[in-house]
Amino acid sequence: MLIQTQDLIKIYHMGDAEVRALDGVSITIEQGEMVGVIGTSGSGKTTLMNILGCLDRPDSGSYVLAGEDVSRHNKDKLAHIRNKRIGFIFQSFNLLPRISAQQNVELPLQYAGKSDTHHLAAKALEAVGLGDRMHHEPAQLSGGQRQRVAVARALVNDPDILLADEPTGNLDSRTSDEILCLFEDLNKQGRTIIVVTHDPEVAGRCGRTIRMKDGRVFNGV
Ligand SMILES: Nc1ncnc2c1ncn2[C@@H]1O[C@H](COP(=O)(O)OP(=O)(O)OP(=O)(O)O)[C@@H](O)[C@H]1O
Ligand SMILES: [Mg+2]
């Protein structure tokens, strides 16, 4: 078992009001699965991804990642685990605008204190078919190419888990198919992939889906 959560609760306070963004989420995900997370807007999908990706902590409940309970870890410890195990892909790519594709992919390597970052970034870009676009800045790339740079950046530290939040939300259907094919290849190589999506086509290509509603997992009809 790679991921196991038990009764995750996350409450946001807005003045006097509270939003129970996660209201008792218990899930398990095995190494090598490709899982879709679906549900209406505001149902807690991004909140859950942020916790699974060690960007945030639950208010209560446990999260065991690769045998280690990380739910009470402080920021530094979470950052360390994130660097080692997790790659993120976002809907809006989140690339830095004024530097090249290659420099964008180098950043996580530099944070991790790796050497030979230039060469490793080039290899990661070649792996997503962008060997001939390394020196382009994000604005000089198409949407699909930008997302492939983001995939290369997410993978360059060789994480166990790839977390993607609406990775095809800004892409046309052909380009989104390209990104999905890339995910399927990575999954066949044994990588665990969790993908939040509104798109039934994307969800259909996952091994299974987790449906969220009002901060809970809801797999009934
Ligand atoms: N930083 C925050 N402060 C206060 N409330 C928040 C915060 N982040 C999220 N929420 C609230 O928590 C709930 C869950 O939000 P979340 O972003 O997880 O939803 P989502 O399922 O990802 O939605 P979408 O499909 O629109 O991205 C929402 O009601 C949202 O308004
Ligand atoms: Mg969201």
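Arg191 counts as buried, because its relative accessibility is 15% and the cut-off for buried is under 20%. Keep in mind that this is a predicted model. Arg191 sits in the loop between α6 and β9, the strand that runs over 192–196. Its side chain has a partner: a polar contact of 3.0 Å links the side chain of Arg191 to that of Asp158. If we set aside neighbours within four places in sequence, the residues in contact with Arg191 are Gly32, Glu33, Leu155, Asp158, Pro159, Asp160 and Leu186. So Asp158 turns up on both counts, as the polar partner and in the contact list, by the cut-offs used for the two kinds of contact.

Leu155, another residue on that contact list, takes us to helix α5, where Leu155 is one of the buried residues.

Helix α5 covers residues 143–155, which makes 13 residues. From first C-alpha to last, α5 reaches 18 Å, close to the 18 Å expected at 1.5 Å a residue. How many of the 13 residues of α5 are buried? Eleven are, so the helix is largely enclosed by the rest of the structure. Among the buried ones are Gly144, Gln145, Gln147 and Arg148, and also Val149, Ala150 and Val151. And what do the buried residues of α5 pack against? They pack against two strands, β7 (86–90) and β8 (161–165), and against the helices α3 (101–111), α4 (117–127) and α6 (173–188).

Next, α3, from that list of packing partners. The buried residues of α3 are Ala101, Gln102, Asn104, Val105, Glu106, Pro108 and Leu109. These residues pack against α2, which is 75–85, and against α4 and α5. Just after α3 comes Gly113, with a positive phi of about 75°.

Now the ligand. Ligand 1 is surrounded by 13 residues, and the closest are Ser41, Gly42, Lys45, Thr46 and Thr47. Which elements each supply at least two residues of this shell? They are β1 (3–14), β2 (17–25) and α1 (45–52). Of the elements, α1 gives the most, with three residues. By type, the shell divides into eight polar residues, four nonpolar and one charged.

An N or O atom in the side chain of Thr47 is 2.6 Å from one. For Gly42, a backbone N or O atom lies 2.8 Å from a ligand oxygen. For Ser43, a polar backbone atom is 3.2 Å from a ligand oxygen. On its own, ligand 1 has 640 Å² of accessible area, and the protein covers 62% of that.

Last, back to β2, one of the strands that supply the shell. Arg20 is in this strand. Is Arg20 buried, exposed or partly exposed? Arg20 is partly exposed, because its relative accessible area is 37%, and that class lies between the 20% and 50% cut-offs. The side chain of Arg20 is joined to that of Asp23 by a polar contact of 2.9 Å. Leaving aside neighbours within four places in sequence, Arg20 is in contact with Ile9, Lys10 and Ile11, and with Asp214 and Gly215. Finally, Arg20 and Gly44 are 24 residues apart in sequence, with their C-alpha atoms 8.7 Å apart in space.

To recap the two arginines: Arg191 is buried at 15%, and Arg20 is partly exposed at 37%.

Methods
Residues numbered from 1 in each chain as written. Chains lettered and ligands numbered in written order. Predicted model: local features only at pLDDT ≥ 70, side-chain atom pairs only at ≥ 80, totals over all residues. Heavy atoms only, no water. Near = heavy atom within 4 Å. Polar contact = N/O pair within 3.5 Å; in protein donor to acceptor, adjacent residues only side chain to side chain. Areas by Shrake-Rupley, 256 points an atom, 1.4 Å probe, with all protein chains shown as cover. Helix = DSSP H or I, 4+ residues; strand = E, 2+ residues; numbered from the N terminus. Nonpolar A, V, L, I, M, F, W, Y, C, P; charged D, E, K, R; others polar. Expected span 1.5 Å × (residues − 1). Buried < 20%, exposed > 50% of the residue type's maximum accessible area, 1.4 Å probe, protein only. Contact = heavy atoms within 4.5 Å.
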